[in-house]
Amino acid sequence: RPKTKSFHTLSRNMDKLLQLLDEAPSIMNGKDADAKSAHAKKVFSAMDRLNEKQMVETVDSIDQEPGDILLKYVYRGLEVASENNAALFKWQAKLTEKFGTGSIIRVLTDRKTV
């Protein structure tokens, strides 16, 4: 029975991150820095709940646009040195592996921030 619970937790954590990525464009289009920061904290919290296997499954399940948005959050997280930087670099590597260097260029040249 515990495996079922952990599977549901995994699914719920992945679903939460995917939901936050779906909501991100409306936040990105706004100019409210506090709303962007609050949303970023939620994204980072959802990312932190996923282990490396779950991270791979999450990246494998998303398309280019949410992948680019997720990479924006990765780069935002890397703006400040923290104990989460190693995990963020793993996310960046997996996203780049799936979407290529074009994803990095799209993210770095897009004026809309997260």
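View 1. Helix α4 consists of 15 residues, and the distance from its first C-alpha to its last is 21 Å, close to the 21 Å expected at 1.5 Å a residue. The expected span is 1.5 Å times one less than the number of residues in the helix. Helices are DSSP runs (H or I, at least four residues), numbered from the N terminus. The model is a predicted one, in which local features need pLDDT of at least 70 and side-chain atom pairs count only at pLDDT 80 or more, while totals for chains, interfaces and linings use all residues. Residues are numbered from 1 along each chain as its sequence is written, and side-chain values use heavy atoms, with hydrogens and water left out. The buried residues of α4 are Gly67, Asp68, Ile69, Leu70, Leu71, Lys72, Tyr73, Val74, Gly77 and Leu78. Buried denotes a relative accessible area under 20%, exposed one over 50%, and partly exposed a value in between (1.4 Å probe, protein chains only). Glycine 77 has a relative accessibility of 13% and therefore counts as buried. Its C-alpha lies 9.3 Å from that of lysine 41, although glycine 77 and lysine 41 are 36 residues apart in sequence.

**View 2. The two faces of helix α2.** Lys36, His39, Ala40, Val43, Phe44, Ala46 and Met47 are buried in α2. These residues cover an arc of only 160° around the axis, which puts them on the same side of α2. The arc is that of the directions from the helix axis to the C-beta atoms. Exposed residues Asp34 and Lys41 are carried on the face of α2 turned away from its buried side.

**View 3. The start of α2 and methionine 47.** A side-chain oxygen of aspartate 32 comes to within 3.0 Å of the backbone nitrogen of aspartate 34 at the start of α2. Methionine 47, also part of helix α2, is buried with a relative accessible area of 3%. Methionine 47 and methionine 14 are separated by 33 residues in sequence, and their C-alpha atoms are 8.4 Å apart in space.

View 4. The whole structure holds 6 salt bridges, each defined as a side-chain nitrogen of Lys or Arg within 4 Å of a carboxyl oxygen of Asp or Glu. In one of them, the side chains of glutamate 52 and lysine 90 meet at 3.3 Å, N to O. Glutamate 52 belongs to helix α3 (residues 52-61) and lysine 90 to helix α5 (residues 85-99), so the pair ties together parts that are 38 residues apart in sequence. Both partners are partly exposed: glutamate 52 has a relative accessible area of 46%, and lysine 90 has a relative accessibility of 44%.

View 5. Asp60, Lys94 and Glu97 are linked in a network of salt bridges. The closest N and O atoms of lysine 94 and glutamate 97 are 3.2 Å apart. Both residues lie in helix α5, 3 residues apart, about one turn of the helix. Lysine 94 is buried at 13% relative accessibility, whereas glutamate 97 is exposed at 60%. Threonine 96, likewise in helix α5, is buried with a relative accessible area of 18%. A polar atom of its side chain lies 2.8 Å from the backbone oxygen of glutamine 92.

**View 6. The salt bridge between aspartate 110 and lysine 72.** The closest N and O atoms of this salt bridge are 2.6 Å apart. Aspartate 110 is in the segment after α6 (101-109) and lysine 72 is in helix α4 (residues 64-78), so the pair ties together parts that are 38 residues apart in sequence. Aspartate 110 is partly exposed at 34% relative accessibility, and lysine 72 is buried at 9%.

View 7. The largest pocket has a volume of about 160 Å³. A pocket is an open set of points on a 1 Å grid over the protein atoms alone, where a 1.4 Å probe fits, with protein on both sides within 12 Å along at least five of seven lines; lining residues have an atom within 4 Å of a point. The volume is the space filled by probe spheres set on the points. The lining comprises Lys72, Tyr75, Arg76, Glu79, Val107, Leu108, Asp110, Lys112, Thr113 and Val114. Helices α4 and α6 each supply at least two lining residues, and α4 gives the most, with 3 residues.

How values were computed:
A polar contact is a pair of N or O atoms within 3.5 Å; within protein, one must be able to donate a hydrogen and the other to accept it, and residues adjacent in sequence count only if both atoms are side-chain atoms.
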